[in-house]
Amino acid sequence: MSAHPVEPPADGLIPRPERTPEALRLALARVAPHRLGEMDLQKDEAFALAAEHNNLGPIRQWLTIWAGEVEIERRPDLAARRRNAEHAVHTLDKDDPAWRAATKELLAVVNEARENTA
């Protein structure tokens with residue numbers, strides 16, 4: 001172990017983790033520790049489904065979802081866009097055109113995050 005402190009990246013972001021359960025969990029613990037319980041619950045469900053059906057699809061899907069969630073949480077720009085869109089979705093009337101725009105924004109945030117981690 002080095003005696004020198006590790007310098008944070010110039011952009012202030014934690015590095016994008018590998019797409020492994022442990023790497024994603026460690027990254028989430030740094031950027032959104034309050035979501036670890038949610039992540040663990042979904043991981044257990046995905047692994048149980050994979051075992052039940054003898055199919056790795058649920059595990060791959062879990063990795064895709066949580067790599068995207070970590071990407072959103074580690075990037076303040078994406079996290080802010082999601083928070084603003086979620087607020088609009090939960091407070092606006094569904095007949096309001098801004099509500100539909102907010103749902104599109106939520107999808108755009110998730111898609112951008114997942115594209116960056118693929």
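This is a predicted model: local features need pLDDT of at least 70, side-chain atom pairs count only at pLDDT 80 or more; totals for chains, interfaces and linings use all residues.
Trainee: How do you know which kinds of secondary structure make up the chain?

Mentor: The assignment gives five helices and zero strands, and read from the N terminus the elements run α-α-α-α-α. The C-alpha atoms of the chain fill a box of roughly 55 × 45 × 25 Å along the principal axes.

Trainee: Why is T117 called buried?

Mentor: The relative accessible area of T117 is 9%, and buried means under 20%, so T117 counts as buried. T117 lies in helix 5, which covers residues 97–117, and, leaving aside neighbours within four places in sequence, T117 is in contact with R16, R19, A67, G68 and E71. Of the 118 residues of the chain, 31% count as buried.

Trainee: What makes A46 buried or exposed?

Mentor: A46, found in helix 2, has a relative accessible area of 7%, and because the limit for buried is under 20%, A46 is placed among the buried residues. Not counting residues up to four places away in sequence, A46 touches P58, I59 and W62. The C-alpha atoms of A46 and I59 are separated by 5.4 Å, although these two residues are 13 apart along the chain.

Trainee: Why is H87 called exposed?

Mentor: H87 has a relative accessibility of 52%, and exposed means over 50%, so H87 counts as exposed. H87 lies in helix 4, residues 76–91, and its C-alpha atom is 8.6 Å from that of A102, which is 15 residues away along the chain.

Trainee: What makes the phi of N54 worth a remark?

Mentor: Most residues other than glycine have a negative phi. N54 is not a glycine, and yet its phi is positive, at about 50 degrees.

Trainee: How do you know that the charged end of K43 sits over the ring of F47?

Mentor: The charged end of K43 is 5.6 Å from the centre of the ring of F47, and the distance asked for is within 6 Å. The definition also requires the charge to be within 35 degrees of the ring normal, and the pair is listed as sitting over the ring.

Trainee: How many aromatic pairs does the structure hold?

Mentor: The structure holds zero aromatic pairs.

Trainee: Where is L13, and which residues does L13 touch?

Mentor: L13 has its place in the segment before helix 1 (21–31). Not counting residues up to four places away in sequence, L13 touches R74, R75 and P76. The C-alpha atoms of L13 and V70, which are 57 residues apart along the chain, are separated by 11 Å.

Trainee: What share of the contacts in the chain joins residues at least 24 apart?

Mentor: Among contacts between residues at least 6 apart in sequence, 56% join residues at least 24 apart.

Trainee: How far apart are the mean positions of the positive and negative charges?

Mentor: The chain has 16 positive and 20 negative charges, and their mean positions are 3 Å apart. The accessible surface comes to about 7,900 Å², and 55% of this surface belongs to carbon and sulfur atoms.

Key:
Residues are numbered from 1 along each chain as its sequence is written. Side-chain values use heavy atoms; hydrogens and water are left out. Helices (H or I, at least four residues) and strands (E, at least two) are DSSP runs, numbered from the N terminus. Buried means under 20% relative accessible area, exposed over 50%, partly exposed in between (1.4 Å probe, protein chains only). Contact means heavy atoms within 4.5 Å. Accessible areas come from the Shrake-Rupley method with a 1.4 Å probe; for residues, only the protein chains shown count as cover. Lys and Arg count as positive and Asp and Glu as negative; His and the chain ends are not counted. The place of a charge is taken as NZ of Lys, CZ of Arg, CG of Asp or CD of Glu. Rings of Phe, Tyr and Trp (its six-membered ring) pair if their centres lie within 6.5 Å; planes under 30 degrees apart count as stacked, over 60 as edge-to-face and the rest as tilted.
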